[in-house]
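Please keep the sequence and the 3D view at hand while reading.

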Amino acid sequence: RTLTMLRCCLAVTLAACLATDVGAFQASSSMFASQLAGKSQAWCATPRSMCWNKQAKRSSLLATRMTATAPPETKDSTDMQELKRDMAKLPMGYANMLSEIENIKTKDIVSALNKGEIGKRQASTLTLKRMGAKVGLSSQSSKSAADEAGKSAVFMEGGWAKRGKGSSIIRTVELYSFGVKIILRELKLRKVEDKAAKAEARKEIARDLREGLLELGPTFIKLGQLLSTRIDILTKEYIDELKLLQDNVPGFSGKKAMEVIERELGRPVDQIFDSFDEKPIAAASLGQVHKAMLNGKEVAVKVQRTGLDDLFKNDLQNLKFAAKVFDKLDPKSDGADRDWVAIYEESAKLLYQEIDYQNEAKNAIRFKNQFKGIEWIKVPEVYEEYTTPRVITMEYVPSVKISDVEKIEEMGLDRLKLAERSAASYLEQLSRHGFFHCDPHPGNIGVDAGIPGGRLVYYDFGMMDEISGDLKTGLVDLILGIYEFDPDTKDTTKDVLAAAEKMGILDP
C-alpha cells in the first residue's frame, strides 16, 4: 500500500510537471523529499526490522539528492557525513552501489572535491577506481582505455543487478526523481532566448539523460532506443545523444558470457566452437554479440545479460502505474483514441518475448522465409541446435548502419534505391504478410554491397509483432487513400478517415 501511494504521488508529479510553474514545482518537490527523509528517520526509530533501517538509509540518501536543503542530523562521525555528502554528488547508480560497501577511504578524494581541485566526475571516477581495486576488478598492469571502459561496464552491470534485487520503494523514487529532474531542466530552457546557448544547454541535458538511462538499466535503455528514432518528438540534441544507445551500451565480461554459453549449451566453449572471441563486437540493452567460428563458418553468438527478469518486474510495475495515470490525465483533445495502458501491456509483452532467444530464432526463420527470393533483403541464417532461451547463434553478416550516410556514399551505394527498398520492405511486412520488425532503429538495420545498389540487412528479431483483421485491411486502405489522393481529381479524405476508424485509431 505504501509503494502504491508513493507511485501515485510520483507519477502524478511527473505527468503534471509539464504544466506546472517551475519554481513552485521545485519547492513542492523539495518539501516532498524532506518529508521522505523524515519518514526514513521514523522507520529507523521503530524496532520493526533491520530491513526497514537499511531502506531508510537508502531513502535518506536519495532524498538528499532531490532537495537543496541539508541532510537531517545524524549521529554519524564527521568522516561518514563527508562520505555521504560525497556519494550524494555521484550519479545515482554508483551511489546506490557504493552506499552498501563499508570502510571506504575517500578522505583525499572528498578533500580535493571540496577544495575545487577536481570535479564531480573526476571524484566519482577516482572513487570507482579505488573500489575496483578493493574488489579485485582492476588490472595490475594495463591502463588502457578499453580496460577502464570494461571496469565501468562491470560496475554498471553490478548496479543493474542490485536494482533488480533491491527495494521497490527505492527503485520507484529513483525512477521518478530522475524523470522530474530532467523535465525541470528542460522547462528552464524556455526562459533562454539565445539559440546557441539553449542548444548548448540542451546538449548537456541530453548527455545526462543518456547516462541516466544507462544507469537505470535495460528497460530504460530500450526506451531511449525507441525515442532515438522519434525526430517528430525530440530535438536534434536529444536524438544525437540517444542514438548512442542503439549499439553503444557497455558490455559485460567475455568470461561471464562464456559461463552463460557453457551453462546453456551444456559443454565447454572450446568444444562447441572452433574459436571464440571473448571481446564483444556489439553490446545492447539485453545482451551482447561475440564473433566465433563454427564448423569453419563465421558466426555471431548473442548472449543475454543476467538478472533481466528481476529488473523487468520492478520497472514494469512503475511503468504500468504511470500508464494508468497518463490515461486519466490525457485529454485526447486531438481526436486520437490513445489507450496508454494497452500500449504498456503490448510493450511489456514484446519485452518479455525479446528475452526468449528461442522465440527470436523462430521469428528470424519466419522473417527470412517471407522474403525468400528477394535478393535485396538479407536475414542471417539461424543455427537452431546452438540456440537456447539465453543464447542464439546466427550467421555473421557485417554491414554499416543504414543511417551512416558517409560510409554508404564511400561504398558507392545508391541512397535513393536504398530508401525505396526500405519503404518497400515495410510495406511488404505490414500490408502483405502482417508480420513485421518492431525495433527498426539503425542499430538493427544495416546495409552492405551484396547486390548492385545495396542490400538491406536485418538484425535482432526479438521484438516482432503481427497484425490481422480490420487493423491490417484498414492499414492497406489508409496507405492507398494517401497514395491516391489528388485535390483536383480524387479526394480520398473520407476513405482515409474511414480507414483510420477501421484501424481503431480514431473514434467514429
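## Contacts and overall make-up

Among contacts in the protein (heavy atoms within 4.5 Å) between residues at least 6 apart in sequence, 68% join residues at least 24 apart. The protein has 21 helices and 11 strands, where helices (H or I, at least four residues) and strands (E, at least two) are DSSP runs, numbered from the N terminus. Of the 508 residues in the protein, 43% are buried; buried means under 20% relative accessible area, exposed over 50%, and partly exposed in between, with a 1.4 Å probe and protein chains only.

The model is predicted, and local features need pLDDT of at least 70, side-chain atom pairs count only at pLDDT 80 or more, while totals for chains, interfaces and linings use all residues. Residues are numbered from 1 along each chain as its sequence is written, and side-chain values use heavy atoms, with hydrogens and water left out.

Strands β3 and β4 pair in the antiparallel sense over eight bridges, two strands being counted as paired if DSSP finds at least two bridges between them. Within this pairing, the partner of A292 in β4 is V299. On to a further strand: β4 and β6 (residues 391-395) also pair in the antiparallel sense, over five bridges, and the bridge partner of V303 in β6 is V391. Because six of the eight residues of β4 are buried, this strand is largely enclosed by the rest of the structure.

The loop between β3 (287-294) and β4 (297-304) holds N295, which has a positive phi of about 55° although it is not a glycine. The hairpin of β3 and β4 has two residues between the strands. Is N295 buried or exposed? With a relative accessible area of 61%, N295 is exposed.

D460 is placed in the loop between β10 (455-458) and β11 (464-466), and at 18% relative accessibility D460 counts as buried.

Which strands form the open sheet, and in what order? Four strands form it in the order β5-β10-β9-β7, and the pairing is mixed. Its edge strands are β5 (377-378) and β7 (400-401), each of which pairs on one side only. Strand β7 is joined by two bridges to strand β9 (residues 445-448), and these two run antiparallel; the bridge partner of K401 in β9 is G446.

Helix α19 (residues 415-433) lies across β5, β9 and β10, and runs at about 50° to β10. Such angles run from 0 to 180 degrees between N-to-C directions, with axes taken as lines fitted to C-alpha atoms, for helices over the stretch in contact.

## Helices α11 and α15

The axes of helix α11 (residues 218-227) and helix α15 (residues 308-329) come within 9 Å and cross at roughly 60°. The contact is made by P218, T219 and F220 of α11, together with L308, L311, F312, D315 and L319 of α15. By class, the contact of α11 with α15 has six nonpolar, one polar and one charged residues, where Ala, Val, Leu, Ile, Met, Phe, Trp, Tyr, Cys and Pro count as nonpolar, Asp, Glu, Lys and Arg as charged, and the others, Gly among them, as polar.

Helix α12 (residues 236-242) contains E241, which counts as buried at 15% relative accessibility. Leaving aside residues up to four places away in sequence, E241 touches K203, A206, R207 and R210.

Y238 is likewise placed in helix α12, and at 7% relative accessibility Y238 counts as buried. Not counting residues up to four places away in sequence, Y238 touches E186, R202, I205, A206 and L209. Y238 and L209 are 29 residues apart in sequence and 8.4 Å apart in space, C-alpha to C-alpha.

## Helix α17

The 14 residues of helix α17 (residues 357-370) should span 20 Å at 1.5 Å a residue, and the end C-alpha atoms are 20 Å apart, which agrees; the expected span is 1.5 Å times one less than the number of residues. The buried residues of α17 are Y357, E360, A361, N363, A364, F367 and Q370. An α-helix has 3.6 residues a turn, so residues three or four places apart point the same way.
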